[in-house]
Amino acid sequence: MNNTPKKPRTRLTDVVIQTLSERLDTQVYRPGQRLPSEQALCKEFKVSRTVIREAMASLRLGGRVVSSPGLGVFVTEDHDPPISFDIQPPADSRWALHIMEVRVGLEVEAAGLAAERRTPANMADIVQAFDEFNAAESDRAAAVQADFNFHLAIARASNNPHFAHLLESAVKDVMLDLKIKHGGKSEQELRDYEKRTAREHGVIMAAIMRGDPGAARAAMARHLGESVARYRKQLAAKR
């Protein structure tokens with residue numbers, strides 16, 4: 001019997017991220033340059049567009065690239081450091097509240113439209129992001145990325161490119177909110193938070209999957225509204 005531990009399988013997304021990151025680091029892709037199309041990257045890496053989209057989302061979260069609807073993905077002039085969970089409230093909580101108030105207006109409608117307009121490919125992207133969040137467990141950086149990917153997949157499923165573009169353009173502020181939520185918690189608190197978030201994501205996803213716009217809007221409003229209420233309560237307590 002072979003008791004040799006199995007080597008963890010490398011995720012296809014990680015391979016794409018690593019390769020593209022190396023090209024960015026060595027300036028194979030220079031600042032301001034347009035990256036190859038999604039179709040070209042799928043062909044090069046022999047992967048699905050879901051893998052390429054997830055890799056691009058990771059690079060956007062890291063500040064390496066930016067998307068321009070109808071034009072493509074471009075290399076940024078510089079990029080931010082890796083995700084950090086060193087949050088200093090209450091200033092961060094106030095900024096997080098501001099972005100959450102904007103997200104409610106944006107994402108509630110996007111969820112409703114996604115329930116009406118989502119394609120099978122859109123639904124596959126939402127499900128994959130949902131599964132990635134559940135698989136992240138105690139990996140806070142992976143959970144933050146998967147959380148954002150889930151909301152971005154829903155915005156894209158609205159099939160109105162402006163929803164996804166607006167969410168992506170606010171990525172730094174959205175990440176601030178997500179880092180506050182995932183950071184500053186004990187392991188048990190983090191597990192409880194992620195279980196609750198996964199349940200809420202599941203309700204949103206189910207409503208979109210069955211094509212129920214009203215339920216999708218209501219589920220997204222509840223999901224984001226709890227954060228708005230919590231931040232307002234925190235700030236009120238500090239006055």
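Is the crossing of α2 and α3 left-handed or right-handed? The crossing of α2 and α3 is right-handed. A crossing counts as left-handed if the near helix is turned anticlockwise from the far one by less than a right angle, and as right-handed if clockwise.

This is a predicted model: local features need pLDDT of at least 70, side-chain atom pairs count only at pLDDT 80 or more, and totals for chains, interfaces and linings use all residues. Residues are numbered from 1 along each chain as its sequence is written, and side-chain values use heavy atoms, with hydrogens and water left out.

| Helix pair | Angle | Axes |
|---|---|---|
| α2 (residues 38–45) and α3 (residues 49–61) | about 110° | 9 Å apart |
| α6 (residues 140–157) and α9 (residues 187–209) | roughly 15° | within 12 Å |

Helices are DSSP runs (H or I, at least four residues), numbered from the N terminus. Axes are lines fitted to C-alpha atoms over the stretch in contact, and angles run from 0 to 180 degrees between N-to-C directions.

**α2 and α3.** The pair is therefore roughly perpendicular (65 to 115 degrees). In α2, Glu38, Leu41, Cys42 and Phe45 make the contact (heavy atoms within 4.5 Å). Five of the contact residues are nonpolar, none polar and three charged. Here Ala, Val, Leu, Ile, Met, Phe, Trp, Tyr, Cys and Pro count as nonpolar, Asp, Glu, Lys and Arg as charged, and the others, Gly among them, as polar.

**α6 and α9.** The axes cross at roughly 15°. That makes α6 roughly parallel to α9 (under 35 degrees). Their crossing is left-handed. The α6 side includes Phe150 and Ile154, and the α9 side includes Tyr193 and Ile204. This contact has eight nonpolar, three polar and four charged residues.

Methods
Helix = DSSP H or I, 4+ residues; strand = E, 2+ residues; numbered from the N terminus. Parallel < 35°, antiparallel > 145°, perpendicular 65-115°, else oblique.
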